[in-house]
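Thanks for coming. Please have a look at it first.

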Amino acid sequence: MRLHNRQIKASFWTDTELIKNLDIAGRMFYLGLAQIADDSGCLDDDLLAFKILLFPGDESMTKERLSEYRDVLVRLGKLIPYTGDGKDCLYMKNFHKHQTLKNPSAP
């Protein structure tokens with residue numbers, strides 16, 4: 001996994017479903033997942049990698065806290081869990097609705 005440059009639509013900041021269900025750190029986690037996802041909107045469900053890539057210097061951001069945020073996003077239908085090649089993965093449901101990629105790499 002690696003971080004990608006992504007654009008954020010203005011509507012993210014006023015998404016009331018996210019605002020009602022996640023604190024600011026949880027919403028930043030969701031934004032970060034878009035940067036980790038590959039060009040098809042998929043990523044490994046790896047809490048340690050999320051911690052290292054998105055919150056490397058923040059000791060208060062534990063794997064347990066990230067797990068809670070991930071579970072809320074699954075419950076909201078923003079993330080779809082699946083298994084691929086024997087690994088737990090996540091699909092960002094509206095990734096392609098919000099990201100327009102000029103030269104996407106293969107999944």
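I'll start with S1 and strand S3 (residues 87-92), which are antiparallel and joined by 3 bridges. Before going on, the model is a predicted one: local features need pLDDT of at least 70 and side-chain atom pairs 80 or more, while totals for chains, interfaces and linings use all residues. Residues are numbered from 1 along each chain as its sequence is written, and side-chain values use heavy atoms, without hydrogens or water.

Strands here are DSSP E runs of at least two residues and helices are H or I runs of at least four, numbered from the N terminus; two strands pair if DSSP finds at least two bridges between them. The open sheet has 3 strands, ordered S1-S3-S2, with antiparallel pairing. At its edges are strand S1 (42-44) and strand S2 (79-84), each pairing on one side only.

Cys42 is buried, because its relative accessible area is 18%, and buried means under 20% with a 1.4 Å probe, protein chains only. Cys89 also counts as buried, at 6% relative accessibility.

How many disulfides does a search of the whole structure find? It finds 0, a disulfide being a pair of cysteine sulfur atoms within 2.5 Å. The closest cysteine sulfur to that of Cys42 is in Cys89, 7.3 Å away, so the two are too far apart for a bond.

Lastly, Gly26 sits in helix H2 (residues 24-36) and is buried, at 0% relative accessibility. Gly26 lies 46 residues from Val72 in sequence, and their C-alpha atoms are 9.1 Å apart.

Note on methods: Buried means under 20% relative accessible area, exposed over 50%, partly exposed in between (1.4 Å probe, protein chains only).
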